[in-house]
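Open your viewer and get ready to select residues. We will go stop by stop.

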Amino acid sequence: MQNNLAFNAYSENQVGMESPQRLVEMLYEGILRFCSRAKHAIRNEDIEQRVYFIKRITAIFIELINNLDYKRGGEVAHYLSGLYTRELQLLSLANLENNEERIDEVIKVTKALLEAWREVHENPQVAR
């Protein structure tokens, strides 16, 4: 148990040292990882796991929405807010309908967001 406490403290400190750009990238990666697990749960008819992973994905999208900077982000921030909200709707439908295709839509959008995010932050001139 002591080892777990030390590991958790270390992990929290490591995340705290990440750049804001890397943290957003990690959130998108988490969405993709949990979507994969939610799809697996749907295929296996594991309701408990499906709900668990969809809740995790939902929490990430809510975190992304709560951290949008509307002053600096302007129209892009408003666009992302709407897009994230749509992804939340798709997740709710996936959960209600036990529907992998809804999760596939979330994966498609998230992959595009991750790719665009990486491109902008690898090549800052693109953002200007």
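Start with helix α4 and select Val76: here α4 bends by about 70 degrees. Keep in mind that this is a predicted model.

**Stop 1: helix α4**

Select α4, residues 70–97. Now look at its two ends. How far does α4 span between its end C-alpha atoms? The span is only 34 Å, whereas a straight helix of 28 residues would reach 40 Å at 1.5 Å a residue.

Next, go to the N-terminal end of α4, which is capped by Asp69. Show side chains there. A side-chain oxygen of Asp69 lies 3.2 Å from the backbone nitrogen of Lys71.

Now pick out the buried residues of α4. Among them are Ala77, Leu80, Leu83, Tyr84, Leu88, Leu91 and Ala94. Ser81 and Glu87 are buried too. What covers the buried residues of α4? The cover includes α2, α3 and α5.

Step just past α4 to Asn98. Its phi is positive, at about 55 degrees.

**Stop 2: helix α2**

Select residues 20–43, which make up helix α2.

Colour the buried residues of α2. They include Val24, Tyr28, Ile31, Leu32, Phe34, Cys35, Ala41 and Ile42. Glu25 and Lys39 are also buried. Helices α3, α4 and α5 (100–122) are part of what covers the buried residues of α2.

Just after α2, click on Glu45. This residue takes a positive phi of about 55 degrees.

**Stop 3: Arg50 in helix α3**

Move to helix α3, residues 47–66, and select Arg50. Is Arg50 buried or exposed? Arg50 is buried, yet it has no salt bridge. Asp46 has the nearest side chain of opposite charge, and it is 8.4 Å away. A salt bridge would need a side-chain nitrogen within 4 Å of a carboxyl oxygen.

Show what surrounds Arg50. Leaving aside neighbours within four places in sequence, Arg50 is in contact with Ala41, Ile42, Ala94, Asn95 and Asn98. Ala94 is a buried residue of α4.

**Stop 4: Tyr52**

Stay in helix α3 and select Tyr52. This residue is partly exposed, with a relative accessible area of 38%.

Last, draw a distance from Tyr52 to Phe34. They are 18 residues apart along the chain, and 9.3 Å separates their C-alpha atoms.

Terms used: Residues numbered from 1 in each chain as written. Predicted model: local features only at pLDDT ≥ 70, side-chain atom pairs only at ≥ 80, totals over all residues. Heavy atoms only, no water. Helix = DSSP H or I, 4+ residues; strand = E, 2+ residues; numbered from the N terminus. Buried < 20%, exposed > 50% of the residue type's maximum accessible area, 1.4 Å probe, protein only. Lys, Arg positive; Asp, Glu negative; His and termini not counted. Contact = heavy atoms within 4.5 Å. Expected span 1.5 Å × (residues − 1). Bend = angle between axes of the 7 residues up to and from the residue. Polar contact = N/O pair within 3.5 Å; in protein donor to acceptor, adjacent residues only side chain to side chain.
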